[in-house]
Every structure is written in structure tokens, then in C-alpha cells.
Amino acid sequence: MELTTSSPTQGRLSSMRGTLGNYAGLLAALVLMVLFFGWKSQYFFTANTFLTIANDIPAVLVTAVGMTYVLIIGGIDLSVGSVMALAAACAGIAMLQWHWPLQYAVFVAMAVGMVAGFLNGAISVAWRIPSFIVTLGMLEMARGSAYIATNSRTQYIGGPVEWFSTPMLFGLCPAFLIAILIVVAAQLVLTRTVYGRYLIGIGTNEEAMRLAGVDTRPLKISVFAVLGLLAGLAGMMQCSRLEAADPNAGIGAELVVIAAVVIGGTSLMGGRGSVINTFFGVLIISVLEAGLAQIGASEPTKRIITGAVIIVAVILDMYRERRTRRRE
Amino acid sequence: MALLLGENLGKTYVTPVLRGVSFQLDQGEVLALTGENGAGKSTLTKIVAGLVHPSEGTMTLAGKPFSPASRQEAEGLGVRMVLQELGLIPTLSVAENLLMGHIPSRAGFIRRDRLNELAERQMAIIGLSGIDPRTLVGRLGVGYQQMVEIARNLVGDCRLLILDEPTATLTSHEIDRLFEQIHALKARGVGIIYISHRLDEMQQVADRVMVLRDGNHIATRPMAEVSQNDIVRLMVGHDVNQEGNAQARPATGRTALELRGLGRGKVVQDVSLSLQEGEILGMAGLVGAGRTELLRLIFGADPKDRGEVYLDGSATPARIGSPMAAVRLGLGLVPEDRKSQGLLLPLAIRINVTLSNIRAVARKGWLKGSLERLQVNRLRDLFGVKCSSIEQPVNELSGGNQQKVVFARWLHRDCKVLLLDEPTRGVDVSARADIYQQMEQLASAGKAILMVSSDLRELIQVCDRIAVMSAGRLVQVFNRGEWTQQALLEAAFSGYLAAPPVAP
């Protein structure tokens, strides 16, 4: 390591190169997958495939954005799948029983999600319980509440809720466009604001943050509340695709979401992560899903391959991380 | 008969920490080992226990050459060390802990009866028959845990036992029990090296006392022939540079920080102190005297039980309930362990420097990258932080440069009172000089600095006044010119002497 001083521009350039390097690996993996499936299946290279993927991912993507924040502060949230269902169920009640229009129902869904997330964060911070445990409890509670809200039956809503998933621009639905906006905004907040800086600091060394004079508790709670809010929105997006509030919606979604975030290179130990990379992680999972379906892989095979990809992705990320550290 | 002979033992890391130490330990003897912080006590005993390899010198154990390559090898030859940190597993029983590594079993299943029987026999050896071997270690008090730890080290053939500050966490009743055990071990012919800075305890338990200073063997005397004052004198020696930095800063007379009766449990007992603007006040004392804890109390990192903190000469006490409040009120802390408490190690210098005053480089919550780089580069140059750029992660910097980053953070915050905890520990000589110079400049600019250090020479060199804590109390405050190393050390030991502590 050479100990010379350099101009700030050099520093900026090298950090930009680092950023590109961060994206390059995932992007390459994604392109390779697309090429592979395009070669294997004659139907893969069609606008239809890509539109299907784009319109399929918003719920997972939006939740994964919030999950990235939570993993960055060293937490985890297992309750998002249930919170999605609960939020959609409450919005369903608002629309079916109170005849509220969609735009108000969305707020109901987001508010319900935010309350659940706030509780996760506040309980975990106040009693210093690992978020794994608190959100595991919330997973059950939210699911149970969703059953109560829907009388354990899928509540058909139909037309009024379709807006989110009705193609609007080049065959893309509003849900996808909203999700992209959220990805961009969340990435900017993470890298360019005081809030984002604090989140990375908390995940890196919370005690050092505290002794530097930063009150970490409200920040941590807010991160869980943001994830809850996004899960609520995701629940609404999913509800729109199903045209119904299904109490069984989003079962297991937490695992897909966490897998996508981890494939994107966000550390489960906290302190490191990128929303853009999470976006790539979500794309990799859905391209894999769609591609395997098209080449005729069975459901069990799909799951085995997806599982293997998660593990391999994390191993590769570990090597990449080590290499960058050695290069410095 | 000589059990262990050490000849000309030395250890050099970057600088020598132990130089040509020769000593002898007899069978059934208790040798007390004492000296200032950093005198080389730990290094010497770790060499004996096989944890550290000497750079020079030889040892002979019971007439045979002894150069253990590892702790396991030393233990195989009956040389054992009870470390300050207990190595017990709290969720396992006393018996399982005692016999860990050779638990009796049949076809993989533990033979409980045999295990407990062996454990009971083991504990009887050191007269520890009051404990049921089935008890979980975590249920025992610290004192009994220490006994179990000692008993564990007596499994098999133990000829030499090293105890490192064994009484630090014990109550007086437990200490009595420990001493009974030590006498029982002596009677069995076990040689014991007993590290301590509690002079009264050494007099109770040791046959001879060995004093180290700056890695040199100063003297070994029969315990009966020396007084506590003699031992302190041997530890201190005579130092030429007692005066330190001659240029005194003019006192401003404006109080920046005042403590009245600040305390927490027994760790910090009712400390009253005042610190002026532009003053560097040193805080001397032995490890465990309560200095770090006092800084944490002032900074709100630990809750205080009693007393008040006043800032800026105000008549109303400052409400410092958390580090956030402290920072808001103009306090800054450079913590003892910069790696775990001070820095975000994998992150860039830039991020570490602006952490406490991030609003200064942001508008409405959005960071201004160019402004931040400008300010951090300026501080980097001011402190002379050696780095490839301010984007370099701090874990790639040397200890001294890491510490400069922590300093730079508080300068960026422009705090009024700076609390420094061992600011030059693990810092090389040239970075030290930079840090002293920065402290001088900060003081000249009117900042008040409270500096805890275990290095008396450093305190003498940079401080205007030196306060001494001993056993949780502030025992004495020396003005520049009034102090000598000996007076400072005597004050530091005063709380641990049999006699009542010197009134402040």
C-alpha cells in the first residue's frame, strides 16, 4: 500500500470505478442468463417474456428495497409476506365494505404496513430483542389478522383495484413504474443523504455511532416502519394482480425477498448494501424463474436451481469482496 | 529447590518490552510480581506460560531446559496460567468445565457418575468441597467461578501456577477463600507467580516480591523485609524528566466543565473536579481505577447514580442523559478502544470524520459531496493523516492515523470539551508527537481537554494539571511543578493500600 496523498478527483474516479465494478458482476450474470435462456428457448427473446417479468416483479421489488435498508442496519424482517396480506385485506375491507376508491385504499394498506413495521422496530429496539424474533412473531400475528379481516376467504374486488396492474406505457403497468421510482429514490437516499449515511454507520458499528453522538434508536425504528410501508404498498400491488384480497397471499414472500437482496450483495451482517444491486437480485430471480419455466423445467427442479443460485451468488460475492479488499 | 529459573529473558516487538530479566521460583513459593502498567509483568508471565516466545534468554523447569512453543506444551509440563478473562463455559456444569477435554465416556455417551466423582475429587484437592459439581457455572458467583477456573488448571500435574490479578473482581470474603487455596497449593509444593498491584494482598500471600519497571527487573526482595512504601519506590525509580513541558498556558479562569460528586456504584465514587477553558488536565491512575468509567459518565455513555455535571460555568447542571446530549452540548469523546468504539472501520476516512457533525456538510438532509471532501481534506492536511485519499477505509490505516481520524471528527464538530481516553495507546512515536501538538493547539484555541493516560511521562509532558484516581476515588490533583513521578504513583496506589486513602 502506498502512502501518498492524491487529489480528490482521483479518489472520486476510483470510487466510481468501484461502483461500476459493483454492478458489473450482477449485470454480467443477468446478461449471461438471458443469453442462455434465449439460446435454449425460441420463445424467450420476445417482448412478451420481458413484459411478463416486468409486471410480475413490482411487489417483490418494492419490498426488497425496504429489506435492503433493514439488512444494512444489521436487522432482518420475516413478517413482510404476512404484512402484505394483512395490508391488502384491510384495503379490501375499505373498498368492499366502505366503498372507498382505490387511491384511499392504498393509503390504508400503506398505513397498516407502516404500523406493523413500526411495531417490529419499536419492540426490537425498546427491549433489545433481535429483529429476527420480533418479526417472526409479527409474521404469525399479521397472518392471523389477515384471516380475521377476510373471514378466511379470498375477497374478490375486481375492477376497482386493477389500475396498478393494467398496462399503461409500452405495456408496462403502473406498479412497475412506481417500483422503479422507488428503487431510484431509495438508492439516492441511501447514498446521498444524512439518513442513508447513518444507516450504513449503524450497520457497521452501532456503538461507535452512539459515542459519536448519533441517536440510533429512532433511525432503526424508522427503517422497519419504511419497510412495513413498502410491504403494504406491495400487498396492494399483489392484490391488484389477483383482483382480490387473499389471506394466503405472500406466504413465503419474505424468503424470496431476502434471497433477492442477498444475491444483490447486501450483507446480512449489516453495513453494506445497495438498492440498485437489490434490483438486479430481483431480476436474476425472476429471469431464472421465467426462463426455467420456458425451457420446461418442473417446479421442483426450478426450486433446486434457484436455491443453488442463491448460495453460489453469495459465495461469488464473498470472493469479489475479498478481491477488492486486497486490491486497495 | 528451584522449580523455575529464568535467565536473561527478553522480548522485543517493535521496541523492547522486556529486557534481560532473570529470576527464580522455588517449589511451594509464592512470588508476587508487580510494577506499573506496561512494566512487562504480563509479557514475562506469558513467556512462562508458553503464550509468548521470548526474543532472548532461556528457562529451566526443575533442572530441564524449558522453552514451551505453545500454551498446550507448557500445560503438558505442569505450567498453568489463570487468565484475567475466565475461560469457563457458563452453560455447562462445574464438572464438565473442570474435565473439559477428557470427559469420561462410554461409546460416546458421557458417564455422568464418573464425571461428577472425578470432579469432586478434583475440587477436594483445593478444598473446594462446598460446590455441587452438577451446578451450572453460570449460576455461580464470580468468586466461585474463579475457584473453578483455578481448580481446572490443577487437573493433572500442576507444578507452577500463574495468577494474573486474581482478586480484581472478588469480594473480600472471596479473597480470603482464594488465599486459603493458595496456602493449600503451597503446601503441595506448587510454585505460584502472583501478579497484582494490591500491595496489602501481596504482603498477606507472597514470600517474595519481584518488581519490574520498563521491562527491566529492578529488584526481588523477601516480602518480610520491605514495606509498602519501599515497593512503590522500587516501582517508580527515579526519572530525570519530572518537569515536562515548561511553557505553561496562561489560565483563562473560565470554567468549561465542572463535576460535583459524580458517581456510579463503586466504580466511580463521588468525583468533584473543575476544568478550565484552554487547559489540559491529565487523569492518572492504575488500570481499573475508574478513569474510563468517569469519562463515560461525563459523556452520558453510562447512566450516573449521583452528582452533577456543569458546563461553561453555568449554575444549573447540564442534562447529559446520553452521548447525543453530550455532543449537542459541545463535548467530544475519544474512546479507549478506537476500533470497537470510535471508528466505522470498513468505511472511508471521509465518512468517519464528518460523522458527528454531518449537518455541516448537508443541506436539508442531502449530503453535499464537494463540501464534505473539501472539509475533510482540510482536516486531513491539518492532522497530517497519512492515507492514499480520504476515500481510503480506516481499517487500512496505522493506529496513529486512525486516532488522528477520531480527533479530526471532534475538530470538525468544533466541540468545547474534549475527553480523551488513552489517546496514544498503540500509536507510534511520530504520530504521538503530532497528537500532542494538536492537543496544544486545541488548548491554545480555548478548548478544555481531559486526558486519561496510563503513561505518566506523557501526562507530565503535556498536562497543566494532573488528577489522580485510585480505586474509584479522585485522590489528589497536582499542579504543574508540584508533581513527581513518585508522588503521582504513590497517589495512584493509595486507594489500594491497607491504610485509608489520602483525603483529596
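What follows is a short chat about a predicted model.

User: What is the strand order in the open sheet of chain B?

Analyst: The order is S17-S20-S21-S15-S22-S23, six strands in all, and the pairing is mixed.

User: Which are the edge strands?

Analyst: Strand S17 (331–334) and strand S23 (473–479) of chain B. Each pairs on one side only.

User: And the twist? What does it average from one strand to the next?

Analyst: It averages 20°.

User: How many bridges join S15 to S21 in chain B, and do they run parallel or antiparallel?

Analyst: Four bridges, and the strands run parallel. S15 covers residues 280–284 and S21 covers residues 448–452.

User: What stands opposite B:Leu281?

Analyst: B:Leu450, in S21(B).

User: Which strands does helix H17 of chain B lie across?

Analyst: S15, S22 (465–470) and S23 of chain B. Helix H17 spans residues 485–494 and runs at about 30° to S22(B).

User: Switching to H5 of chain B. How many residues, and what is its reach?

Analyst: Helix H5 (residues 142–153) has 12 residues. From first C-alpha to last, H5 reaches 17 Å, close to the 16 Å expected.

User: Which residues of H5(B) are buried?

Analyst: B:Gln146, B:Met147, B:Val148, B:Glu149, B:Ile150, B:Ala151, B:Arg152 and B:Asn153.

User: Now chain A. What is the mean pLDDT?

Analyst: The mean is 88, with 91% of residues at 70 or more.

User: Which elements of chain A have the lowest and highest mean pLDDT?

Analyst: Helix H1 (residues 8–40) has the lowest, 69. Helix H3 (residues 58–72) has the highest, 97.

User: Where does pLDDT stay under 50 in chain A?

Analyst: Over residues 1–18. The model has 17 contacts beyond four places in sequence for that stretch.

Terms used: Residues numbered from 1 in each chain as written. Chains lettered and ligands numbered in written order. Predicted model: local features only at pLDDT ≥ 70, side-chain atom pairs only at ≥ 80, totals over all residues. Pairing = 2+ DSSP bridges. Helix = DSSP H or I, 4+ residues; strand = E, 2+ residues; numbered from the N terminus. Axes fitted to C-alpha atoms, helices over the stretch in contact; angles between N-to-C directions. Contact = placed C-beta atoms within 7 Å. Expected span 1.5 Å × (residues − 1). Buried ≥ 20, exposed ≤ 12 C-beta atoms within 10 Å, placed from the backbone. pLDDT = per-residue confidence, 0-100.
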